[in-house]
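Subject: Structure handover

Dear colleague,

Please find the structure below. My notes on it follow.

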Amino acid sequence: MATVQLADVVKELNVHLADNKRLIPGAINSPEIEIFKYAKTISKIKGQYPSAHSLITNVVQGFGSSWNELGGISIAHKKLEAFHQKVNFALVPADIRNSYFGELYAEGKSPQEMPFSKYVFDNELLPKVTSDVADLSVNGTYDSNNLGVYGNSMNGIIAVINAILANTDHPAFKIPLNGLTDNNILDEVTKFERALPRHARRKIKAVFMSEYNKERYQLAYEERFGDNKFLNDQMKTRLLKLPIVGLKDYDGDLIWATTEGNMVRLIDDIDNPASITDIQKLDYQVKIFMEFTLGLDFLINQQVFVSNYADGTLGLGSAELNQKYYNFDGVTV
């Protein structure tokens, strides 16, 4: 039996990539990654991205002949972060040759003709990259001391929300709820949407939760209302008819919403586009090197509306901030 030539495998992989330049970006930006569907993309990001917003208080007043200054402007800012990611994947062609998939390395065919590389990339490596990115985008927690351990390479959206919940200078808008159960989830989601600030409601396009809690919501809705006029909207909130997005990669109880365009995906498609940076052969291995940059965040923390199971705090944590952003004073319910 002929020996698999590593140089041929490297050549084969390079040819496959050259003929399919969208394979890597397609895996990183796959439509299967649900959270990306609701995030605005900001490109050309090098590490951190500055974000600022301004607020102008009411300016309209009744006419009078004397100057009566009314209104003021304040500016708040934050830095959003994108994380440099890599894939170092080693392939041992002999292992595949001696396995069930050995037929993918065909005797007598040139590297360009073999289905080996297409199988590895299209059916194994790239789907796993997509799956990992989907998981990390929700559940990742950045740890600079353990970057070589899966799960530590970036902050996913849950880590971002938890950081905002702990931020007293630029806080999230908290909505107090009871712990979710099969019996109360319909009422708690309704309580959540009723607490959304009046001035923000028209800009909110979806409510996010785990897929499990979305299923709970559907079952509770069907049990309470049965086959009636609400049935067609069972996967929307009852009052505002906001679509409920159930995230398959999340299993916690946080419920959140934000204004349209506030959740962003940070990438670098200029200096560090998603790509295979090298393919090397060493001993019995073919080493594949991939790099990309990715981050998820919110432009304005104060426009992130999150369930609060810890206490009765409603809003941004202070009457001053509540009044400044949403024209109400109360901080507890």
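N327 lies in the segment after α8 (319-326), where helices (H or I, at least four residues) and strands (E, at least two) are DSSP runs, numbered from the N terminus. Phi of N327 is near 60°, a positive value in a residue other than glycine. At 43% relative accessibility, N327 counts as partly exposed; buried means under 20% relative accessible area, exposed over 50%, and partly exposed in between, with a 1.4 Å probe and protein chains only. K241, also not a glycine, has a positive phi of about 55°. K241 is found in the loop between α7 and β7 (244-247) and is partly exposed, at 31% relative accessible area. For context, most residues other than glycine have a negative phi.

This is a predicted model, in which local features need pLDDT of at least 70 and side-chain atom pairs count only at pLDDT 80 or more, while totals for chains, interfaces and linings use all residues. Residues are numbered from 1 along each chain as its sequence is written, and side-chain values use heavy atoms, with hydrogens and water left out.

Now the cores. A nonpolar core here is a set of buried Ala, Val, Leu, Ile, Met, Phe, Trp, Tyr and Cys residues joined through side-chain atoms within 4.5 Å. The largest one has 44 residues, and I35, I157, W256 and F298 have the most contacts inside it. Helix α4 (residues 116-139) supplies the largest share of this core, eight residues. A second, separate core of 27 residues includes I204, Y217, A220 and L316.

Contact means heavy atoms within 4.5 Å. Leaving aside neighbours within four places in sequence, I35 is in contact with S137, I157, F208, L247, W256, M263 and L296. I158 lies in helix α5 (residues 157-165) and counts as buried at 10% relative accessibility. Its C-alpha is 9.8 Å from that of D297, 139 residues away in sequence.

Next, the rings. Rings of Phe, Tyr and Trp (its six-membered ring) pair if their centres lie within 6.5 Å; planes under 30 degrees apart count as stacked, over 60 as edge-to-face and the rest as tilted. The count comes to 11 aromatic pairs. Y38 and F208 form an edge-to-face pair, 5.2 Å centre to centre with 90° between the planes. Y38 lies in the loop between α2 (23-28) and β1 (40-42) and F208 in strand β6 (residues 204-210), so the pair ties together parts that are 170 residues apart in sequence. Y38 is partly exposed at 35%, whereas F208 is buried at 3%. The rings of Y325 and Y326 are tilted, with centres 6.3 Å apart and planes at 40°. Both residues are buried. Ring pairs link F173, F305, Y325, Y326 and F328 into a cluster.

Last, helix α6 (residues 185-195), in which I185, L186, E188, V189, T190, F192 and E193 are buried. Its buried residues pack against β5 (173-176), β6, α7 (211-225), β8 (256-259) and β12 (304-308). The axes of α6 and α7 come within 8 Å and cross at roughly 105°; axes are lines fitted to C-alpha atoms, for helices over the stretch in contact, and angles run from 0 to 180 degrees between N-to-C directions. The two helices are therefore roughly perpendicular, the class for 65 to 115 degrees.

Regards

Methods:
Angles under 35 degrees count as roughly parallel, over 145 as roughly antiparallel, 65 to 115 as roughly perpendicular and the rest as oblique.
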